[in-house]
Amino acid sequence: MSTLQDKIKEYRQLFTDLASKVKEAKEAEELRQLFLGRKKGHLTLLFEELKNLPLEEKKAAGKALNEFKEEIQKLMTELEQKCQTRKPERLIDDLTQPGRKLYWGSPHPITLFQREIERIFISMGFSVEEGPEIETDYYNFEALNFPPHHPARDSWDTLYINDKLLLRTHTSPVQIRVMEKKKPPIRIIIPGKVFRRETPDPTHLPMFYQVEGLVVDKGITFAHLKGTLEYFIKALFGEKIKLRFRPSFFPFTEPSAEVDIECIVCHGQDPHCRVCGGSGWKEILGAGMVDPQVFKNVNIDPEKYSGWAFGLGIDRMAMFAFQIPEIRYFYENDLRFLRQFNRK
Amino acid sequence: MKISYDWLKEFVDLTISPEELAHCFNQIGLMVESVEKIDGDTVYEIETYANRPDTLGHLGVAREIATLLDLPLKTKNWPLVELSQVTSDFIDIQIMDSQLCPRYCGLVVKGVKVGPSPDWLRKRIEAVGLRPINNVVDVSNYVCFSLGQPIHTFDLNKLGGARIIVRKARKGETIRTLEGSLVELSPEMLVIADETRPVAIAGVIGGEESGITEETSDVFIESANFDPVSIRLTAKKLGLSTDASYRFERGVDINAAPLAATMAASLLCAFGGKVSKGLLDVYPNQKKSRTVPLRLKRIAELLGVEIPAEFVVKTLTGLGLKLKEHKKNVWAVEIPSFRVDLEREADLIEEIARFYGYDKIPSEVTPVKSFELPSDRKREKIWRLKEVLFHHGFDEVINFSFADPEKEKIWQTGRQPIQLQNPISSRSSILRTSLLPGLIENAVWNFNREAEGVHIFEVGNVYFWVEDDVHEENLCLGILTTGLREPQTWNEPKKETDFFILKGAIEDLFCYLGFDSLSFEPVDHPFFESGQALKILLKNDPVGHLGLLKSEIARSYELAKPVFCAEIDLSMLLQRQPKPFSFKPIPKFPGTSRDLSFLVDENICYQEIHRQLQRLNVPYLEGFEIYDRFQGKSIPPGKVSFSVRFFFRHQTRTLQAEEVDRAMLDITSQLKSSLKIQLR
């Protein structure tokens, strides 16, 4: 009968033989179970045998067995670490291959630009209002101080549905609808689709998008209009953009203004500039103090309240901002055009 | 309106260069659109406004510049070589409708030698972009572009009965105009007639037969004022816009008529003309001048800047307004007849602001006194919905609201389209009743331009008549997917899109908007192939439909690939309250799962199985996942196999295996009765 020491020697040899064949973590685990398994591991069984030895042998044998266990544990740990690092089938041969991607759809540039404009005004405490696209003559014209048959209507060439209904030529009717319902203070912007009877050309289409703004309160001045629009344009085009206010005419504002911004393409240097025609300025929006007649039409006392309003074409502004040469690109919906705005 | 630098100098001694003048124009709102150098002169194309007819002549523009530069406006005498006869010896003027013709002035000039104009006159006429014709016509144009008062010259000897009658046209009357076309007149149109026939369409255009020719020697000068609306309606109806009608429809100075007649007569004296004595001036109801109050305080209140009273007085006086100070810094301002636009205090304040300079008004922050909560979250929800679709790889498009009635017919949307009275073209003469035709056009457009797949959506209105007089604008979402999908990885092949890509996007969209009561029902719909369409229901209310586009429709657009599309009524959807969000605690105890495979009758659809599984009432059942649907050799005919994984959890302790076993038995027995399942 071999002594415990002999058995340790045999098992050490066995372990060395088996360990040399281990390649995978699974095999290492099997080896660990074989030697260190709680119930039937070789070492567990050897410790069982230790119990039966006479006391004088027990001490020396116990020491040897404990040392052997530590040795096996150490070798096992090393072996397991080696197995973990050695998984040749999981290695990538070319890490420079592209990563996995998802295709994200692109927002329409009008949506993008409109949101940018909305964001600036919302940050100034404005709320967003909307209204119908099919309107009556009253809301689209009369309430906004366009007398019937007045040549001022020529600039708002209209698509009619019948004698009563038309497609709104601007989002201004929403100003009237809001003022009819709500007492000042009013601080709103109105984005939306508008229609004009325009023959299509590179800068005109019978449908486009507008944003209007309206502020009504006690003590509102032209200086407030200037300050707000200057901030807005700088927020959109950058701190350094130059702008100018010049007198104009709109039936629903008095005094009226038009705002030009510096041509961001040629800065007035190119006499044949496609964008500004060499003037160095680009007309960007119309504005003014709400006409007292408009206030009267919605039962707001113009002696007590004053207000300002502005309107701009989103398409035109986006064309200018992104250097888009033709307005029709927006509605052709060519994916090669639309998908560029994914990166905006 | 073209404005000549040299011509302006007839009215004001300009001390500035043509370049500086362009600057001045812009400052006061006479926007210079272009500048041309012609023959040593500088000609500006100036944007004028519908409310400023006074700027449609050089005098009015000169008045603005003189005010800005603080220069006097020059006045000129117009001497006449007079005949011994008075005007009424030659002609009689009768106004039948003084509403439509409030004033009519006339003079006769005899012995005019008609011929080419002298150089100075030709230069003026060319400067404003007209072609010189002969001295008489050129003189009338010169007067018109000087004063903004259109005048007309007749060959006196061709006016029958030596009479001018201003009346409405008679039914069936016609006139051959100076442009040579024969025009049929209608009874609401105002005409200038002689004893027998119309000789001019009042304020619009003269008649050929009574016009000036080389043979003319005696001229009758008409300088009149007409009602703007009447002129506009006539010009519009006839499709004629002339220099005269353009001015009259904007409102010509009622007091310009006498001067214009005299000026024209005086100029004709240079061509041998002798003028009848005494201007005939028929002006039955003299118009009173308007007075508008103005407060200095109000100027500051509206502009946000204190403007000195002296500046106000100087500017308005320069513009020809008369100020009477009632109280300190409160004036009654008398408006001259040439400023038809000045009616209220605000109009005067604009004048002051224009000349003060918009650039000198300070920029201030608009004060906020209160904040408002948004009334609804509609716009946020729409953006959320778009984000879900972007994530699913759909690009956003925007199409015109117009549609081609012929194309829409193919779709049979079942909606009464709204027709436009004056469309741009017959192919865009109605408003769209569905978003899908537009999306299909987009697919075709892109397939024709090398696209291999089109996955797009649009949020926009459709329009239709609900009843005869009641229309509706409905916010809709249209989605379309056709062709190849973008690959997820570069070395993976592109895959064809399918129905479930569309359906998945729609399910996600409802889910992320917080609606969980979504269901589908097979439907027969004119857009879709039979048996290949579903109705979308939210708590039993239809909100839209999706399916495989009918091949006849696809073919009519020459689309060969299968097209899957959907249309959802957003107006309805956005009115609904989604389930309010509430946080649920994260489970503390481990859950467990069990699988069950069973056979059901093949005509029981997935949705029905899902619905029945949702209805299960079993303790600890937390959820389920249907992970397989199979039909094949190993399955008895008429049956379909489903595999479901059930998840169980106890909230306050770990579940015992026996409890889960009992729950599974419970599930099996419930499904046996609801779905008649057979265990596999």
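Notes on the model. I am working with a predicted model, in which local features need pLDDT of at least 70, side-chain atom pairs count only at pLDDT 80 or more, and totals for chains, interfaces and linings use all residues. Residues are numbered from 1 along each chain as its sequence is written, chains are lettered from A and ligands numbered from 1 in the order in which they are written, and side-chain values use heavy atoms, with hydrogens and water left out.

Interface of chains A and B. I find 95 residues of chain A in contact (heavy atoms within 4.5 Å) with 87 residues of chain B. About 7700 Å² is buried between the two chains, 53% of it on carbon and sulfur atoms; buried area is the accessible area (1.4 Å probe) that two parts lose on being put together, summed over both. His149(A), Pro247(A) and Glu254(A) supply 8% of the area that chain A buries against chain B, more than any other three residues.

Salt bridges across the interface. I count nine between chain A and chain B, a salt bridge being a side-chain nitrogen of Lys or Arg within 4 Å of a carboxyl oxygen of Asp or Glu. One of them pairs Lys164(A) with Asp469(B) at 3.3 Å, N to O.

The whole structure. A search over all chains gives 72 salt bridges. Glu130(A) and Lys378(B) form one, with their closest N and O atoms 3.5 Å apart. Glu130(A) sits in the loop between strand 1 (127-128) and strand 2 (134-136) of chain A and Lys378(B) in helix 12 (residues 378-391) of chain B, so the pair joins two chains; helices (H or I, at least four residues) and strands (E, at least two) are DSSP runs, numbered from the N terminus.

Accessibility. I take buried as under 20% relative accessible area, exposed as over 50% and partly exposed as in between (1.4 Å probe, protein chains only). Glu130(A) is partly exposed at 40%, and Lys378(B) is partly exposed at 29%.

Within chain B. Glu249(B) and Arg250(B) form a salt bridge with closest N and O atoms 3.1 Å apart, and both residues are buried. I also note one network of salt bridges with shared partners, which joins Arg52(B), Asp54(B), Glu64(B), Arg339(B), Asp341(B), Glu351(B) and Arg354(B).
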